Amino acid sequence: MTTIGLVGGMSWHSTVEYYRILNERVAAARGGHASAEVALQSLDFGEIRECQVSGDWDRAGALLARAARRCEAGGADVVALCTNLMHKQFAALEDAVSVPALHIADAVAGAARSGGWSTVLVLGTSWVMEESWYAERLARHGVQAVTPAAADRAMVDRVVFEELTQGVIRTESRQAYVDVIARAATAGAEAVVLACTEIGLLVAPEDSPLPVIDSARAHAEALADIALGCAATSTTLLGDPR
């Protein structure tokens, strides 16, 4: 079985979900006592958050690179970063290892194309929604990203950092997110990407007015398929789309 390297802890609440989904998918495929082979590096999110707030992205990239190298040293054949926002520094991680790295937006785009959706609402932190790097990665696969209005973006970002990454789940925040999704649905979005790996802990598919692409689940399931030796997934997602 291919060993999956996870760089997690950003936050640990969603890293738990990665580990669960990976192992459930492998167990379902292999049966018995089968589970995934995983090399995990879980970072101190407090340190990463300091980098985000101060804008010290070089330091953040160095921390990700060190963790990725440790995953590879621990036997990882593929490395993945269990967060959307820190893919802002994906190149630092990818360049630090000699094994492939699976970008979360590539897995998200794969899920969108499988669902037949070409225009998706992206909900995540302000950097993911407002900067171009995430949308550009989706666009490589022919998937267009749209984002909420400024006030809604501010609310989505606030809930992520003040609540979800600290393990706080509030009904009123779920409803606020659902309202944002509903407005996007009337504006032509075909699906919603939960582009923060904690949002799936707040908004379930049955809550949403649009079909849901949970980035954490899409990423973890793609990794599980790679672990199980799915050649099609490996070829599609570990190449560099042009």
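**Figure 1. In strand S7, valine 192 is the bridge partner of leucine 121.** This is a predicted model in which local features need pLDDT of at least 70 and side-chain atom pairs count only at pLDDT 80 or more, while totals for chains, interfaces and linings use all residues. Residues are numbered from 1 along each chain as its sequence is written, and side-chain values use heavy atoms, with hydrogens and water left out. Helices (DSSP runs of H or I, at least four residues) and strands (DSSP runs of E, at least two) are numbered from the N terminus. Strand S5 (residues 119-123) and strand S7 (residues 191-194) run parallel and are joined by four bridges. A second bridge in this view has valine 120 and alanine 191 as partners.

**Figure 2. Strands S6, S5, S7 and S8 form an open sheet in the order S6-S5-S7-S8, with parallel pairing.** Two strands are said to pair if DSSP finds at least two bridges between them. Strand S6 (144-146) and strand S8 (212-214) are the edge strands, each pairing on one side only. From one strand to the next, the twist averages 30°. Helix H9 (residues 171-186) packs on this sheet and touches S5 and S7; contact means heavy atoms within 4.5 Å. The direction of H9 makes about 155° with that of S5 (axes are lines fitted to C-alpha atoms, for helices over the stretch in contact, and angles run from 0 to 180 degrees between N-to-C directions). Three bridges pair S7 with S8 in the parallel sense, and leucine 194 has aspartate 214 of S8 as its bridge partner.

**Figure 3. Both faces of strand S7 are covered.** Ala191 and Val193 lie on one side, Val192 and Leu194 lie on the other, and all of them are buried. Buried means under 20% relative accessible area, exposed means over 50%, and partly exposed lies in between (1.4 Å probe, protein chains only).

**Figure 4. Valine 120 is located in strand S5.** With a relative accessible area of 1%, valine 120 is buried. Residues up to four places away in sequence aside, valine 120 touches Ala112, Leu138, Val143, Gln144, Ala145, Val146, Ala191, Val193 and Ile213. Threonine 147 is 27 residues from valine 120 along the chain, and their C-alpha atoms are separated by 8.5 Å.

**Figure 5. Helix H10 (residues 215-227) is largely enclosed by the rest of the structure, because 11 of its 13 residues are buried.** The buried residues of H10 include Ala218, His219, Leu223, Asp225 and Ile226. From its first C-alpha to its last, H10 reaches 18 Å, close to the 18 Å expected at 1.5 Å a residue; the expected span is 1.5 Å times one less than the number of residues. Aspartate 214 caps the N-terminal end of H10, with a side-chain oxygen 3.1 Å from the backbone nitrogen of alanine 216. Such a polar contact is a pair of N or O atoms within 3.5 Å; within protein, one must be able to donate a hydrogen and the other to accept it, and residues adjacent in sequence count only if both atoms are side-chain atoms. Glycine 229 follows H10 and has a positive phi, near 85°.

**Figure 6. Another open sheet of four strands has the order S2-S1-S3-S4 and parallel pairing.** Its edge strands are strand S2 (38-42) and strand S4 (101-102), and each pairs on one side only. Five bridges pair strand S1 (residues 4-8) with S2 in the parallel sense, and glutamine 41 in S2 is the bridge partner of valine 7. Helix H1 (residues 12-30) packs on the sheet, touching S1, S2 and strand S3 (78-81), and its direction makes about 160° with that of S1. Helix H3 (residues 57-73) also packs on the sheet, where it touches S1, S2 and S3; its direction makes about 150° with that of S1.

**Figure 7. The peptide bond between methionine 10 and serine 11 is cis.** Its omega is about 5°. Serine 11 belongs to the loop between S1 and H1. Most residues other than glycine have a negative phi, and most peptide bonds are trans.

**Figure 8. The whole structure contains zero disulfides.** A disulfide is counted when a pair of cysteine sulfur atoms lies within 2.5 Å. The closest cysteine sulfur to that of cysteine 196 belongs to cysteine 82 and is 13 Å away, too far for a bond. Cysteine 196 is buried, at a relative accessible area of 6%. For cysteine 230, which is in no disulfide, the nearest cysteine sulfur is that of cysteine 82, 20 Å away. Cysteine 230 is partly exposed, with a relative accessible area of 29%.
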